[in-house]
Amino acid sequence: MSVTRRSGQGPMAQGSIVNDIIIAPSILSADFAKLGEEVKAIDRAGCDWIHVDVMDGHFVPNITIGPDVVKALRPHSSKLFDVHLMIAPCDPFIEAFAKAGSDLITVHAEAGPHLDRSLQLIKSLGKKAGVSITPSTHESAIEYVLDKIDLVLVMTVNPGFGGQAFLPSQIDKIAAIRKMIGARPIRIEVDGGITPETAARVAAAGANVMVAGSGVFKGGNYAENIAAIRAAASRARAAAA
Ligand code: DX5
Ligand code: ZN
């Protein structure tokens with residue numbers, strides 16, 4: 001899976017897929033009154049991906065954005081759109097998010113009875129597929145789909161809101177998933193409460209895609225915040241490799 005959407009870089013070597021640190025700001029913490037400008041701003045500030053949180057008020061106790069907003073944001077950045085579906089059911093909406101310009105679509109293992117079918121649907125639409133698990137779900141729940149995915153998203157908060165405290169209880173799960181993945185070209189993404197301090201801890205455990213909402217948007221210096229998370233995670237990842 002190439003890092004950036006339209007750079008033309010070919011598939012990355014296994015080492016890079018495991019070790020390169022990817023920063024994906026969550027636009028849930030952006031100013032919703034000017035989302036297009038905010039996407040441009042984090043792009044200019046050096047992010048690698050754009051993390052888009054989709055919530056339906058059912059799977060999680062919050063409501064955010066739909067495919068039309070993804071479509072409206074697409075022209076504002078050529079970076080990879082990392083779309084996190086916290087909706088149940090998810091299958092009826094996957095095609096709309098694919099057509100709206102998503103590059104990577106992640107569904108929750110808890111969202112419905114047919115995870116394998118949802119992943120096949122994402123792949124059939126020519127998109128990259130990810131699976132996410134909440135803090136209450138054991139990693140064994142996704143072992144049977146490892147050969148069908150490009151990314152595992154480990155929630156390090158209970159999904160539904162930005163600005164929550166990081167759950168250290170999820171660090172061992174990241175290490176277990178890194179072991180479970182073995183030599184497969186699968187990235188581990190973490191989401192929730194990511195700061196330079198927690199980024200170092202999850203990177204040491206095996207994660208390399210850092211989603212950060214409040215960690216990037218707080219204080220308004222996006223470039224400085226992105227660089228601080230990247231530096232902390234890269235040091236820890238290099239030390240663990
Ligand atoms: C929560 C979302 C996260 C959230 C992260 O359910 O999936 O992406 O926006 O926000 P922070 O980094 O502030 O915890
Ligand atoms: Zn998210």
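**The ligand site**

Modeller: Pro89 is found in the loop that runs between β3 and α4 (91-99), and this is a place to start in what is a predicted model. A cis peptide bond joins Ala88 to Pro89, with omega at about -5°. In general, most peptide bonds are trans.

Now to the ligand itself. There are 20 residues around ligand 1, and those that come nearest are Asp53, Gly160, Asp191, Gly213 and Ser214. One of these, Ser214, has a polar side-chain atom 2.5 Å from an oxygen atom of ligand 1. Gly160 takes part through its backbone: a polar backbone atom of Gly160 is 2.8 Å from an oxygen atom of the ligand. Gly193 also has a polar backbone atom 2.8 Å from an oxygen atom of ligand 1. The protein covers 100% of the 380 Å² of accessible area that ligand 1 has on its own.

The largest share, three residues, comes from β2. Sorted by class, the shell has eight nonpolar, 10 polar and two charged residues.

The next step is to look at the space itself. Rolling a probe the size of a water molecule over the atoms shows where empty space is left. A search of the whole structure finds one cavity of 30 Å³ or more. The largest cavity has a volume of about 220 Å³, and the space taken by ligand 1 is this cavity.

The lining of the largest cavity is made up of 25 residues, and Phe161, Gly162, Gly163, Asp191 and Gly192 lie nearest its centre. Asp191 is also among the residues that come nearest to ligand 1. At least two residues of the lining come from each of β2, β8 and α8 (214-217). Here too, β2 provides the largest share, with three residues. By class, the lining divides into 10 nonpolar, 13 polar and two charged residues.

Conventions. Residues are numbered from 1 along each chain as its sequence is written. Chains are lettered from A and ligands numbered from 1 in the order in which they are written. This is a predicted model: local features need pLDDT of at least 70, side-chain atom pairs count only at pLDDT 80 or more; totals for chains, interfaces and linings use all residues. Side-chain values use heavy atoms; hydrogens and water are left out. A residue is near a molecule or strand if one of its heavy atoms lies within 4 Å of it. A polar contact is a pair of N or O atoms within 3.5 Å; within protein, one must be able to donate a hydrogen and the other to accept it, and residues adjacent in sequence count only if both atoms are side-chain atoms. Accessible areas come from the Shrake-Rupley method with a 1.4 Å probe; for residues, only the protein chains shown count as cover. On a 1 Å grid over the protein atoms alone, a cavity is a set of points where a 1.4 Å probe fits but cannot get out, and a pocket is an open set with protein on both sides within 12 Å along at least five of seven lines; lining residues have an atom within 4 Å of a point. A molecule sits in a cavity or pocket if more than half of its atoms lie within 2 Å of its grid points. Helices (H or I, at least four residues) and strands (E, at least two) are DSSP runs, numbered from the N terminus. Ala, Val, Leu, Ile, Met, Phe, Trp, Tyr, Cys and Pro count as nonpolar, Asp, Glu, Lys and Arg as charged, and the others, Gly among them, as polar. Grid points are joined across faces, edges and corners, and a volume is the space filled by probe spheres set on the points.
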